[in-house]
Amino acid sequence: MSPLARQITAIARPGLAWAAHFIAIYALISASCAARALIDHPTVVADAIVATVVALALCLWSVVAAPKGASADLRRAAFWGGLIFALACLANAAALVLLQGCGG
Amino acid sequence: MTVAETPPDYSGAHKGEDKTFEGVWDTPKGLRVLSSVSHRVVGRRFIYTGFAFFLIAGFLALLVRTQLIVPGNTFLDLETYNQVFTMHGTLMMFLFAIPILEGFAVYLIPLMLGARDLIFPRLGQFGYYCYLFGGIIVLSSFLFDAAPDGGWFMYVPLSTQAHTPGLSADFWLIGITFAEIASVTAAVELITAILCARAPGMSLTKMPIFAWYILITAFMIAIGFPPLIIGSILLEAERLLGLPFFDPTLGGDPLLWQHLFWLFGHPEVYIIFLPAAGMVATMLPTFVGKPLFGYGFAVAAVVSMGFISFGLWAHHMFATGLPILSLSLFSAASTMVTVPTGIQIFCLIATLASGRPRLTVPMLFILGFLSIFVIGGLTGVMLASVPFNWQAHDSYFVVAHLHYVLIGGMVFPLIGAFYYWAPHFTGRMMSERLGRWVFGLMFVGFNVTFLLMHITGLRGMPRRVATYPEGLGWDRLNMLSSIGSYILAAGIVLFVYDFFRSRRHGPIAPRNPWGAGTLEWLYPPVAPGFNFHAIPPVHSREPLWDQPDLLEAEAHEVEGVMHGLRDGRRETVGCDPVSGAPLYILRLPHPTWVPMIAALGMALLFGATLASAYWLSGVGAVIALAAFAVWAWEPSDSGVTRDAGMGHDLPVNVVDRRSHMHVALVGTMLVLMALFASLVFGLLYLWNIRPDAAAAVARPEALTAGLGGLCGLGVALAGQMTRRAALADRFGITTVLSLLTAALAIAAAGLLGLSLGPVDPWVSALGATLWAIVAFTGLVLFALVFWALFNAARRTARRVGPGQSMPDFNLATLAKGAGLMVVVAAALFVAGAYGGVG
């Protein structure tokens, strides 16, 4: 992979990680809070923590190991994109920690 | 210039046709202009048609404001009022905002990126006519006294047959779905054009920022529109066929419509905002005289916004009784999206601060955009908060917010863009003096209209009411808002006058009249139909600033690749999607009626369905299919090599993953996967929230579903083997494998259908959704069968030469996508069979 292609991947990776994390959290909430009540809240929290750790790792990978070469601008895009999405993943998961259940 | 190989007999030009370079690119004259496929002709049509819809929708808005000017007004009756505000929203959101921005993108992207045209010009023409005919269908509802009146969001159960009998909702569902084809085709076209047709040296890093904005927007359209398309089809199926997708008495749920609608509807706000912000980020550096501050920040912000905007849809549903945990998730995402938005705004402000801006008319509109959009953004943060949202829900506060975001974020940049790029359309400058009046009237009128609506909303006035009693503290505010709307309208009227006046009396625009840095200003306006004689290599994001030789020489003398005529064909350079290095020569189609005929066939299909003349719908479908076949039945030029100049010996087309055809197919697969995912979402949603109803649904047959899944795997495998055989130029085996792919696809569709034999789609929403999944998968498999048989027929008819394996190469990609859908559908059916649907 060329340095430029690596940088493009580094820009896209945090976004894809956030999307997967958002879908996972939404699915967990739906599984827990809809009429079918497939899983209980502690299971939701435990699964969400695992999903969040994985997503954060993928996002921060672009921050701590922004690929060198090709373009300083794209390196900056990967760095800041990684940070924004890491923050967004934490925001996705925050409600699960702050609330003790589905909340009605 | 040398030619590395003797051109084949077929060069694309008809016998006796003008083969000069200019002649090849000339726009047809007279009525034949309707057959033009040039991005500039098609782009202008999108822009002008979109603006016409804007004027109609604006007129409807004035009717609304006139009705509300005093309490107890009887200017419009209640039914007409409902129709007027519904059509205002519908026209603005579907037929103005997105199409006009796509029009600008279609027009500007090739010029900015150094291409002679978009890569799929016929797709552009087809999309335009779908948009035009779809828009006419929607508008014609007024003629039949059947204008939609259920709001631009068509919520169920209000829009179901029981509550909206007659054709009004059908006009909306069918017309808008038809018009949306244009958005999706333009998205695929723009993704491919941006990734595959750029000037030599224009890596992704050196792309103008506008291209990044459009690239992300196009991906968002590809993923964001399918949920609405699926929702519209399901609702129309419920209205037309009685399938109970949204009927709670049969296990359906009205909220499923809201989920599907807002899965599209919220990203749409960003789909509208991003291109306009891209225009601002393009115009601003010109007037500041400095490059955009923080290109990398802006790219990060645009990419982030593209993703996060898909996580906000339920903030339109805060008042529907969703669990608090869900509300918190969507509230968090709604708040988070302000971070990339803020970064973009700060990039623009920092650019503004980096030089001494020239206060031209486009610059005034940029300043208007910044001030208005920021206020809209701030009220957006307020609405992201669940308690405040509950308080302000469905009040005029929300009306004020959305207009601050959409008019500030899109209309102000758009009018600024008209002033900026008008020389491209007319060859003349618009008036600075009148432009300042236009800005003044619009800015004052807008703020008088909508700033006050925040207060009207906080005082409790609900949206969409046709009138109100006096004495509630709303009278004066509404009076002032209505007066403001007339001032705003006066600004728009003055703008239209200025545009038409400048066509005849405006000063002739010089070359690069604003001193911009991007390539669209290389030629004096109006640039020639071929965009570039030679496509110059670029070394920076502002080539006209950093490469003085480009403007020192006459435009037609600028050095570059592809200079002059090659083979009497329309040609441009295809590039590596990442590095921008020239890879191949792209041959482009000449003017043709075929896409228009295909769109007419589609219009017949949709229009006749509306009129319940189903035999005529069939005729329309046949016409469209035949037109698509003619469209595809052209000789392939692959396998020829040419000297493109500047040391580049380039083949015509490449047969690998970097090819424009393959990139476009991947874009199309993205759309198809999003459509399929929307159906799967609907299935899982209904299964999850209505276990009682799901338990009553008959079980699918596991064995046939499993066999169908195996056939799906076979489809993917056979498609891949077809690709390999074609790449090895093994003609006979490729044909056999194509036929095998088709046979397996037919078997897969049949088995999936058989597995649902026990499931009655008319007695449960879940059953109807299972059948919808089969119908959609069957449609994709039908396309695959059509394609495979088509390829086999072309080979049998000796229309394919050695090295011309692109159609088979792409068949494999479609086969893998279709196979995946079959396997997922089969897995769901088997799970339903063994676990019980309930």
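**Salt bridges and interfaces**

Modeller: Asp394(B), Arg463(B) and Arg464(B) are joined in a network of salt bridges. Please bear in mind that this is a predicted model.

Biologist: Why is the pair Arg463(B) and Asp394(B) called a salt bridge?

Modeller: The nitrogen and oxygen of the two side chains are 3.9 Å apart. The rule asks for a side-chain nitrogen of Lys or Arg within 4 Å of a carboxyl oxygen of Asp or Glu, so the pair qualifies. In general, side chains of opposite charge can pair when their charged atoms come close.

Biologist: What makes this a link between distant parts of the chain?

Modeller: The two residues are 69 residues apart. Arg463(B) lies in the loop between helix H14 (432-458) and helix H15 (475-505) of chain B, whereas Asp394(B) lies in the loop between helix H12 (386-392) and helix H13 (396-426) of chain B.

Biologist: Why is Asp394(B) called partly exposed?

Modeller: Its relative accessible area is 29%. Buried would require under 20% and exposed over 50%, so Asp394(B) falls in between.

Biologist: Is Leu322(B) buried or exposed, and how do you know?

Modeller: Leu322(B) has a relative accessible area of 14%. Buried means under 20%, so Leu322(B) is buried. Leu322(B) sits in the loop between H8 and H9 of chain B.

Biologist: How do you know that chain B and chain A share an interface, and what holds for its area?

Modeller: The contact takes 41 residues from chain B and 41 residues from chain A. The two chains bury about 3,300 Å² between them, 78% of it on carbon and sulfur atoms. In chain B, Phe307(B), Leu325(B) and Leu329(B) lose the most area to chain A, together 22% of what that side buries. Between these chains the count is zero salt bridges, while five residue pairs are in polar contact. By class, the side of chain B that touches chain A has 29 nonpolar, eleven polar and one charged residues.

Biologist: What makes domain 1 and domain 2 of chain B neighbours in contact?

Modeller: The domain assignment gives domain 1 (34-505) and domain 2 (685-835) of chain B. In contact across them are 14 residues of domain 1 and 13 residues of domain 2. The two domains bury about 1,100 Å² between them, 65% of it on carbon and sulfur atoms. In domain 1 of chain B, Phe245(B), Leu250(B) and Gly251(B) lose the most area to domain 2, together 37% of what that side buries.

Biologist: How many salt bridges and polar contacts cross that domain interface?

Modeller: The rule finds zero salt bridges there, and five residue pairs in polar contact. The largest share of the side of domain 1 that touches domain 2, three residues, comes from H7(B).

Note on methods: Residues numbered from 1 in each chain as written. Chains lettered and ligands numbered in written order. Predicted model: local features only at pLDDT ≥ 70, side-chain atom pairs only at ≥ 80, totals over all residues. Heavy atoms only, no water. Domains from an automatic or database assignment. Contact = heavy atoms within 4.5 Å. Buried area = accessible area lost by both parts, 1.4 Å probe. Polar contact = N/O pair within 3.5 Å; in protein donor to acceptor, adjacent residues only side chain to side chain. Helix = DSSP H or I, 4+ residues; strand = E, 2+ residues; numbered from the N terminus. Nonpolar A, V, L, I, M, F, W, Y, C, P; charged D, E, K, R; others polar. Buried < 20%, exposed > 50% of the residue type's maximum accessible area, 1.4 Å probe, protein only.
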